[in-house]
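Student: I would like to learn to read structural features one by one. Please take me through some.

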Amino acid sequence: MKAKKLFAITAATLLLSSFLTAGETSYPLTVTVFDASGKEMRQTVSKRPTRVVTSNVSSTEILLKLGLKDTIIGILKPDNKITNEYAADFASFKVIGDKKSLSKEAVLAARPDIIVGRDKLFNAKALGTVAELNAAGIAAVPQKASVTGINPVLETVLEDIQTYGKIFNAQDKAAELTAQLAARIKETDALVRSKAKGTQKVLAMTNFNGNVFGSFDVSTGLQGNVLARLKLVPALDKPANELGLENLVSMNPDIIFYITADRNAKNDPTAIQNLRTNGALANVTAVKNNAIIAIAYDDFMDYGVRTIEIYSKLAKALYGN
């Protein structure tokens with residue numbers, strides 16, 4: 001057991017130390033990417049990309065953090081209004097479609113030389129498959145952290161940042177950013193280890209109107225890793241809609257993460273108050289202990305820097321500083 005623990009610590013140390021390296025990119029560059037099933041593929045970038053399409057908020061924000069705004073020629077419409085420090089940047093980008101109605105023709109018309117973003121959008125009905133895009137002369141780099149099939153962890157986000165750093169010859173900035181984020185992960189892990197007393201059950205609730213609600217599946221992927229690190233177990237292992245008060249009572253979560261989103265603007269402003277004041281829920285542990293935490297969808301359900309930041313914030317909310 002001690003040998004296994006020592007090996008895990010050593011492996012983590014080597015992984016974190018790799019984020020401190022930097023240098024100049026030599027083209028053509030070949031990187032490893034994964035499709036939605038977790039299949040490993042090789043992707044070659046012939047030169048530094050100058051025309052980039054991003055397919056989600058987290059990939060766009062990573063590029064912005066690396067100083068690569070001028071390379072972004074198009075984005076998919078964000079699910080929610082951007083309100084952080086990048087609001088003006090997002091407003092300046094051309095929107096080439098949204099994830100529900102995007103066509104490959106619109107993607108090709110934008111003439112990108114590379115597309116980055118969530119793995120599940122690299123399919124024949126949306127952005128196009130990796131093979132289709134390559135045949136059109138477009139490099140395709142799905143975010144590794146979005147690939148549920150490989151069981152991503154928070155450090156996988158750092159790998160994505162490093163990959164972008166290599167692709168765009170921004171390795172110095174990528175090394176600086178990943179070092180900062182690695183330190184934050186390490187600090188947060190230490191906080192949880194020192195304060196957590198066993199595991200607790202959490203429900204990722206959404207769109208509560210006072211009677212029914214929905215829930216996200218946060219048992220796998222990057223979100224599952226966040227829960228595991230926080231010493232939390234999910235109340236549900238599959239997404240659900242139209243759940244009633246009796247379901248909430250029977251699940252009896254210790255903690256509720258209430259996920260807010262623009263599409264639920266009708267219910268979100270009063271949802272937590274409705275939970276607190278509904279007599280039928282008075283004995284639900286999370287309600288009784290006022291353990292209800294509001295989280296913006298993009299902070300928790302995407303695959304980038306925000307996920308690491310929300311891990312830190314949740315740990316402090318649950319366990320103190």
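**Reading the features**

Tutor: Asn207 counts as partly exposed, at 29% relative accessibility. Buried means under 20% relative accessible area, exposed over 50%, and partly exposed in between (1.4 Å probe, protein chains only). This is a predicted model, in which local features need pLDDT of at least 70 and side-chain atom pairs count only at pLDDT 80 or more, while totals for chains, interfaces and linings use all residues. Residues are numbered from 1 along each chain as its sequence is written, and side-chain values use heavy atoms, with hydrogens and water left out.

Student: Where is Asn207 found?

Tutor: Asn207 sits in the loop between β7 (200–206) and β8 (212–215). Helices (H or I, at least four residues) and strands (E, at least two) are DSSP runs, numbered from the N terminus. Look at the backbone too: phi of Asn207 is near 55 degrees, a positive value in a residue other than glycine.

Student: Where does Asn169 lie, and what is its phi?

Tutor: Asn169 lies in the loop between α6 and α7. Its phi is positive, near 55 degrees, and the residue is not glycine. Asn169 is partly exposed, with a relative accessible area of 30%.

Student: How do the axes of α6 and α7 cross?

Tutor: Axes are lines fitted to C-alpha atoms, for helices over the stretch in contact, and angles run from 0 to 180 degrees between N-to-C directions. Helix α6 (residues 154–167) and helix α7 (residues 171–195) have axes that come within 8 Å and cross at roughly 170 degrees. Therefore α6 and α7 are roughly antiparallel to each other. The cut-offs are under 35 degrees for roughly parallel, over 145 for roughly antiparallel, 65 to 115 for roughly perpendicular, and oblique for the rest.

Student: Which residues make the contact of α6 with α7?

Tutor: Contact means heavy atoms within 4.5 Å. From α6 come Leu154, Glu155, Leu158, Ile161, Gln162, Gly165 and Lys166; from α7 come Gln171, Ala174, Leu177, Thr178, Leu181, Ala182 and Ile185. By class, this contact of α6 with α7 has 8 nonpolar, 4 polar and 2 charged residues. Ala, Val, Leu, Ile, Met, Phe, Trp, Tyr, Cys and Pro count as nonpolar, Asp, Glu, Lys and Arg as charged, and the others, Gly among them, as polar. An α-helix has 3.6 residues a turn, so residues three or four places apart point the same way.

Student: How do the axes of α6 and α8 cross?

Tutor: Helix α8 (residues 221–229) and α6 have axes that come within 8 Å and cross at roughly 135 degrees. So α6 and α8 are oblique to each other. Leu154, Glu155 and Val157 of α6 meet Leu222, Asn225, Val226 and Arg229 of α8. The contact of α6 with α8 divides into 4 nonpolar, 1 polar and 2 charged residues.

Student: How many residues of α2 are buried?

Tutor: Helix α2 (residues 57–65) is mostly covered, with 8 of its 9 residues buried. They are Val57, Ser58, Ser59, Thr60, Glu61, Ile62, Leu63 and Leu64. Take Ser59, which counts as buried at 0% relative accessibility. Leaving aside neighbours within four places in sequence, Ser59 is in contact with Thr54, Val116, Gly117, Gln143 and Tyr164. Just after α2, Gly67 takes a positive phi of about 75 degrees.

Student: Is Ile96 buried or exposed?

Tutor: Ile96 counts as buried, at 11% relative accessibility. Its place is in the loop between α3 (87–92) and α4 (104–109). Ile96 touches Val53, Gly74, Ile75, Leu76, Leu102, Ala106, Val107 and Ala110, not counting residues up to four places away in sequence.

Student: How many aromatic pairs are there?

Tutor: Rings of Phe, Tyr and Trp (its six-membered ring) pair if their centres lie within 6.5 Å; planes under 30 degrees apart count as stacked, over 60 as edge-to-face and the rest as tilted. The count comes to 4 aromatic pairs. One of them joins Phe257 and Phe300, edge-to-face, at 5.9 Å centre to centre and 80 degrees between the planes. Phe257 lies in strand β11 (residues 255–260) and Phe300 in helix α12 (residues 297–300), so the pair ties together parts that are 43 residues apart in sequence. Phe257 is buried, with a relative accessible area of 1%. Phe300 is buried, at 0%.

Student: Which residues does the cis peptide bond join?

Tutor: Tyr27 and Pro28, with omega about 0 degrees. Pro28 is in the loop between α1 (2–18) and β1 (29–34).
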